[in-house]
Amino acid sequence: MDLRAHISPLTRLQPLDPFVLELGGRLDEVVVAYRTWGVYRGNNAVLVCHALTGNADADDWWQPLFGPGRSLDPERDFIVCSNILGSCYGTTGPTSRNPATGRPWGPDFPAMTIRDMVHLQAALLDRLGVTRLQLAVGGSLGGMQVLEWAQLYPDRVAAIAPIACSGRHSAWCIGLSEAQRQAIFADPLWQGGHYRADRPPAAGLAAARMVAMCSYRSWTSFERRFGRRRAEGDTGFAVGEYLAYQGQQLVRRFDANSYVTLSCAMDTHDLGRDHPSFEEALGAIQAPALVVAIDSDVLYPSEEQQELARLIPNAELAWLHSEHGHDAFLIDMEALDRFLVGFRAGKRLHTF
């Protein structure tokens, strides 16, 4: 089988007009950027949900999970990954044209939630003719979407795999997000979010990314990789040089307004919202769940995944042992793939 014949390029689809948002706003002329792998056979769809600054190219950032015998097998599965609402990689977001003004939305893009992202994904699947998912899988912000899928569309998803995420954003995560946003707001080029495309608030966005990277890794990871080693030319420490590089890389590929919009959406994450209690909301999820915890994650510590596994009735907890912290789900991918392959084969893993 020639898999290349069943891998779509990035496609843009207009699924809904208007698209009503949970917090009261609305969007017209909504566009979704997405990719697919494999052939749809009516009962073989898998949804991959990406993280904060990710995109629809799942076979790029999760490449070790793709292929024959892997978690995501285009010979077996019809895999869908769409760029999330509010992002800047093709789906409607702050960099998109506001139909009412003819100019980019910028900071005027309406406030949105994780649930809005999931409702838009559901609309896309409707257009693709996909009525039911065999699996929804994702890490970090992607894992939050997966949890919302099980809650919002219980009849459409057979199993879920939320990785390195929580059921509600903690004060710790909200605080870190606020610190990152304030770094962006402090940039002289920010000007309330209105800035020229060729002159974005680079220093502020870079600083936000540097803060984020410290929470994405771990003490052990930084200590073993950098220690107290100096940067070349003795201009500072190597870890500072690394963080500066990561900040500049994000500036080249991401939009500051999208970063603010999406981080605020993450702060709204709470499965218990509009339910009698958080515990009851999780207890109502009936889909089999593989909850993956990373033992060195300081952003979403393992206590939060243990809580998910305890409260979701048909859940099992798998431990991804890694020194790399939160980003381990994008680094130790061979181990993650083994967990997912076992889960999809019906094998019990590390049951909570």
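# Reading pockets, helices and a sheet

Student: How many nonpolar, polar and charged residues line the second largest pocket?
Tutor: The lining of the second largest pocket divides into 10 nonpolar, 7 polar and 6 charged residues. Here Ala, Val, Leu, Ile, Met, Phe, Trp, Tyr, Cys and Pro count as nonpolar, Asp, Glu, Lys and Arg as charged, and the others, Gly among them, as polar. A word on the source: this is a predicted model, in which local features need pLDDT of at least 70 and side-chain atom pairs pLDDT 80 or more, while totals for chains, interfaces and linings use all residues. Residues are numbered from 1 along each chain as its sequence is written, and side-chain values use heavy atoms, with hydrogens and water left out.

Student: What counts as a pocket, and what is its volume?
Tutor: Rolling a probe the size of a water molecule over the atoms shows where empty space is left. On a 1 Å grid over the protein atoms alone, a pocket is an open set of points where a 1.4 Å probe fits, with protein on both sides within 12 Å along at least five of seven lines; lining residues have an atom within 4 Å of a point. Points are joined across faces, edges and corners, and the volume is the space filled by probe spheres set on them. The second largest pocket has about 410 Å³. Of its 23 lining residues, P94, P104, G106, Y195 and N257 lie nearest the centre. Helix 7 and helix 8 each give two or more residues to that lining, and the largest share, 3 residues, comes from helix 7.

Student: Which residues lie closest to the centre of the largest pocket?
Tutor: The largest pocket holds about 780 Å³ of space. Its lining has 37 residues, and T53, R209, R253, D327 and L330 are closest to the centre. Helix 7 gives the most to this lining too, with 6 residues. By class, the lining has 18 nonpolar, 13 polar and 6 charged residues. Helices (H or I, at least four residues) and strands (E, at least two) are DSSP runs, numbered from the N terminus.

Student: How do I read the sheet, and in what order do its strands lie?
Tutor: Strands of a sheet pair through backbone hydrogen bonds, either parallel or antiparallel. Two strands pair if DSSP finds at least two bridges between them. Here 8 strands form an open sheet in the order 1-4-6-5-7-8-9-10, with mixed pairing. Strand 1 (11-13) and strand 10 are the edges, each pairing on one side only. Strand 5 and strand 6 are parallel over 4 bridges, with A45 opposite F78. Strand 4, in contrast, pairs in the antiparallel sense with strand 1 over 3 bridges and with strand 6 over 4 bridges. Y34 has S82 in strand 6 as its bridge partner, and L13 stands opposite V32 in strand 4.

Student: Why is strand 4 described as largely enclosed?
Tutor: Buried means under 20% relative accessible area, exposed over 50%, and partly exposed in between (1.4 Å probe, protein chains only). In strand 4 (residues 32-37), 6 of the 6 residues are buried, so the strand is largely enclosed by the rest of the structure. V32, Y34 and T36 point one way, while A33, R35 and W37 point the other way.

Student: Which residues of helix 10 are buried, and what covers them?
Tutor: They are S302, E304, Q305, E307, L308, A309 and L311. With 7 of its 10 residues buried, helix 10 (residues 302-311) is therefore largely enclosed as well. Contact means heavy atoms within 4.5 Å. The cover includes helix 3 (141-152), helix 9 (278-283), strand 9 (289-294) and strand 10 (315-320).
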